[in-house]
Amino acid sequence: MLLLWHNLDAAGRSTRTRVPRDPLALALLWDYQDGYPAGIPPWLQRAVLGGLAAIAERAGYWRR
C-alpha cells in the first residue's frame, strides 16, 4: 500500500493532501489497508470501493 501511495505521489497523481485523483487507485489503496476510514459507513465503502478495487485488479491497474 505504501509503495503504491508513494508512486502515485511521485508521479503527481495525487492532490496536495495526498489523496489519489484516480478512483481506481483510491480503491486499490482502500483494498490494501486494514480498516475503514471514518465518516463513510463501512457497508458503503465495501460496495463502492470494493467494486472499483475488483475492477482495478482485473484490469491489472496495480502494474501501472
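Ser 14 sits in the loop that runs between H1 and H2; helices here are DSSP runs of H or I with at least four residues, while strands are runs of E with at least two, and both are numbered from the N terminus. The model is a predicted one, in which local features need pLDDT of at least 70 and side-chain atom pairs count only at pLDDT 80 or more, whereas totals for chains, interfaces and linings use all residues. Residues are numbered from 1 along each chain as its sequence is written, and side-chain values use heavy atoms, with hydrogens and water left out.

With a relative accessible area of 8%, Ser 14 is buried (buried means under 20% relative accessible area, exposed over 50% and partly exposed in between, using a 1.4 Å probe and protein chains only). The side chain of Ser 14 is joined to that of Asp 9 by a polar contact of 2.4 Å. A polar contact is a pair of N or O atoms within 3.5 Å; within protein, one must be able to donate a hydrogen and the other to accept it, and residues adjacent in sequence count only if both atoms are side-chain atoms. Neighbours within four places in sequence aside, Ser 14 is in contact (heavy atoms within 4.5 Å) with Leu 8, Asp 9, Val 19, Pro 20 and Arg 21.

Next comes the nonpolar core, meaning a set of buried Ala, Val, Leu, Ile, Met, Phe, Trp, Tyr and Cys residues joined through side-chain atoms within 4.5 Å. The largest one has seven residues: Leu 4, Leu 8, Ala 25, Leu 28, Leu 29, Ala 56 and Tyr 61. In soluble globular proteins, nonpolar side chains tend to be buried together. As for Leu 29, its contacts beyond four places in sequence are Met 1, Leu 4, Trp 5, Leu 8 and Pro 20.

Helix H2 has its own set of buried residues, namely Ala 25, Ala 27, Leu 28, Leu 29 and Trp 30, and these pack against H1 and helix H3 (42-58). At the N-terminal end, H2 is capped by Asp 22, which places a side-chain oxygen 3.1 Å from the backbone nitrogen of Leu 24. Pro 23 is also part of H2 and, at 45% relative accessibility, counts as partly exposed.

How do H2 and H3 meet? Their axes come within 8 Å and cross at roughly 105°, so H2 is roughly perpendicular to H3. Axes are lines fitted to C-alpha atoms, for helices over the stretch in contact, with angles from 0 to 180 degrees between N-to-C directions; under 35 degrees counts as roughly parallel, over 145 as roughly antiparallel, 65 to 115 as roughly perpendicular and the rest as oblique.

Gln 45 belongs to H3 and is buried at 2% relative accessibility. Trp 30 and Tyr 36 are among its contacts outside four places in sequence. Trp 30 is buried at 13%, while Tyr 36 is partly exposed at 43%. There is one aromatic pair: the rings of Trp 30 and Tyr 36 have centres 6.3 Å apart and planes at 50°, so the pair is tilted. Rings of Phe, Tyr and Trp (its six-membered ring) pair if their centres lie within 6.5 Å, with planes under 30 degrees apart counting as stacked, over 60 as edge-to-face and the rest as tilted.
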